Amino acid sequence: MTSKGRKKTSRRGFIQGVAISTAAVSAAELLKKEVADAASIGDDQAIPLQSTEFDFIQKSAALEPDKIVDSACQFCNSLCRLKVHLKDGRIIDVLGEPNDPVQAGGFCIKGPMMTQLVYNRFRLKSPMKRVGGNKGDSNSKFEPISWDEALSIIASKFLALRDAGIARAIANKTSGRLPRGTGSLVGRYFSMLGSPNNTDVGPVCNDAGGNALAWTFGLGNFTNGYGIDDAIISGEPYQLKAIVTQGNPLLACSDTIKVQQAYRQLEFYVYTGLFMEESAYYADIILPVTSGFEMETVYMRRDDRAIRWQEQVVSPVGESKPDWHIWIDLAHATAKLDKRNPPEYWRDNFPDSWKDYRQLWATFLTNTPGMGGMTQQRLSQRTEPLRWPCPTVEHPGVSTLYLDHASWYEAASSLNPKNVGKRFLTPSGKVEIYTPQLQSRLAESGHSALPSFYTHPEVTGKHPTIEYTSELVKNPVNPQALTQNIKFGKISSGEVHKQYPLMGMTGRSSVVHFHSVTHWTYTGKQMNGVRLVQIHPKEAKKAGIKNGDEIIVESPRGSIIGTALVWSGIREDTIFVPSWFGPGQKMAEEFGTPYYESVNILIDKQYYDNLSGQQAFKCFACRVKKA
């Protein structure tokens, strides 16, 4: 209504109109209702409508989307589909997929937080290089540079190390956030460069479980490395000088003080990420990446092998790039500077056409066993994910592994011709708990096929413990890597528990968070910005601690602060300390929550599984006291 046609409406009519609008009545109907009510009520009860030059009948549905894009939440392994609502290119709402029989239209609180990664004032928006300050210092100085300059600096450093005969001094440490297929590009680049050190997040995640599945049933997930920090500090088995990361190792890795020492003395470090996380302050070059809504890609749920196609929702923030673009562009920058190989050596192996994720995905499918049926077209048309292995477009995908069913046998044979007719993908075709071959291979690293119970010296109680020798042997699980030989059997003395009587364990803080990135969202810090340390009432009483008290948790490595959450559901001798809080999470400013040091300060990196590299995040000696 224009100012010329101004009417009055009553308080009753105004309230009724608001109620009607919340029931999704159109603007035109609401307007008719207000006019009718105004006509039936005396002027003594009327209040004037605000004067405006805007016609409310036109373009009144401000929050009605003009486009809905199918994407996916990347904050956990549930892989919920997100239907992202756009208005004039801006995200205005996020809903779930009602036609997914598992999701049934729902998602947890993290789904809408994907939007908060896009519209976030702390986002990195351009490449930067270090121009001042000590590595690790939060006052380090960085200046924006072009992508061409950043990639040229990186390529020059890598080629200089290669030409000096020490390509093995270069390493990559990846993370679970990478779009599927990017890891293959990283591996290709490192192989062409001549470095074996393309490692991933597995030793911090769940490689031990993946290794066990692979050896027992014949299919699992495992990776090829650990010990990057030790190799930087000690030079064993050889010195690392240059590293690229796609995660936040300063929070992810155990024994944070030693990790800080390692990255402080590292010769050259490239950090790629969304924010100036803790690790970024150690970097020489910083590269901004896109969040999930800013790229067309797939997301894979690791636990049940499910894959969704997700469309790009919005344009990349600033000059940020998808991770696979970075590796293609780095290969082309390397081509310009490489004096040993012609440009085609790099360019032909990293074609520009792969920047279109659909083409990269099609190539990935062609060259990856068991993936042939997971085409972009098929994935895009599905309201629920498709599960690998899925060898043809007619194949339903494997919902449950090892079933005595034709679809499983077809999928198994697509992974390896030797699997034809096998229900389990082991050498014998059976579940292998013990075989002479397993025994022989594992014995080389101190293990046996039928393991006996053991702990490490900081686990409470007197148990057989693990001892690590100085001898390096070939890792039977990851043959391209070396590992320490170990011995079992020595009974723990319990000496450490005289000063540190409790057992500490770490893990996710709540449903609100997933790794460190959610701590950079408004909702993440608002809902769970305080580190709540679970402690049993008896232990709390003994230490004079009440629920809500600030407390100090100490281990032989160092100490951190938290807030006591007194809870009778935890063991009396155990405390639970949430991980992924960090001192660089600037969103804490919004709510006045503490800047917490990493919980991994408390954990000793010398205690680990020498087969998978899995670190002892669930069992470290500690004590608590009131702050």
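This is a working chat about a predicted model of one protein chain.

User: Quick overview first. How many helices and strands in the chain?
Analyst: The chain has 18 helices and 23 strands. This is a predicted model.

User: And how much of the chain counts as buried?
Analyst: 52% of its 627 residues.

User: What about the accessible surface?
Analyst: About 28,500 Å² for the chain. Carbon and sulfur atoms hold 53% of that.

User: What share of the contacts is between residues 24 or more positions apart?
Analyst: 65%, counting contacts in the chain with a separation of 6 or more.

User: Switching to helix packing. At what angle do α4 and α10 pack?
Analyst: About 65 degrees, with the axes 8 Å apart. α4 covers residues 147-163 and α10 covers residues 323-337. The crossing of α4 past α10 is right-handed.

User: Which residues make that contact?
Analyst: From α4, they are W147, L151, S152, I154, A155, S156, F158 and L159. α10 supplies I326, D329, L330, A333, T334 and L337.

User: How does the contact split by class?
Analyst: 10 nonpolar residues, three polar and one charged.

User: Now α6. Which of its residues are buried?
Analyst: D207, G210, N211, A214 and W215, in a helix that runs over residues 207-217. Seen down the axis, these buried residues fall within an arc of 125 degrees, so they line one face of α6.

User: Why would residues three or four places apart point the same way?
Analyst: Because an α-helix has 3.6 residues a turn.

User: What covers the buried residues of α6?
Analyst: The cover includes α15, residues 436-443.

User: And what follows α6?
Analyst: G218, with a positive phi near 100 degrees.

User: What is phi at L79?
Analyst: Positive, about 55 degrees, although L79 is not a glycine. L79 lies in the loop between β3 (67-72) and β4 (81-87).

User: Is L79 buried or exposed?
Analyst: Buried, at 1% relative accessibility. The cut-off for buried is under 20%.

User: And H515, what is its phi?
Analyst: Near 60 degrees, a positive value in a residue other than glycine. H515 is in the loop between β18 (502-507) and α16 (522-528). H515 is partly exposed, with a relative accessible area of 33%.

Technical notes. Residues are numbered from 1 along each chain as its sequence is written. This is a predicted model: local features need pLDDT of at least 70, side-chain atom pairs count only at pLDDT 80 or more; totals for chains, interfaces and linings use all residues. Side-chain values use heavy atoms; hydrogens and water are left out. Axes are lines fitted to C-alpha atoms, for helices over the stretch in contact, and angles run from 0 to 180 degrees between N-to-C directions. Helices (H or I, at least four residues) and strands (E, at least two) are DSSP runs, numbered from the N terminus. A crossing is left-handed if the near helix is turned anticlockwise from the far one by less than a right angle, and right-handed if clockwise. Contact means heavy atoms within 4.5 Å. Ala, Val, Leu, Ile, Met, Phe, Trp, Tyr, Cys and Pro count as nonpolar, Asp, Glu, Lys and Arg as charged, and the others, Gly among them, as polar. Buried means under 20% relative accessible area, exposed over 50%, partly exposed in between (1.4 Å probe, protein chains only). Accessible areas come from the Shrake-Rupley method with a 1.4 Å probe; for residues, only the protein chains shown count as cover. The arc is that of the directions from the helix axis to the C-beta atoms.
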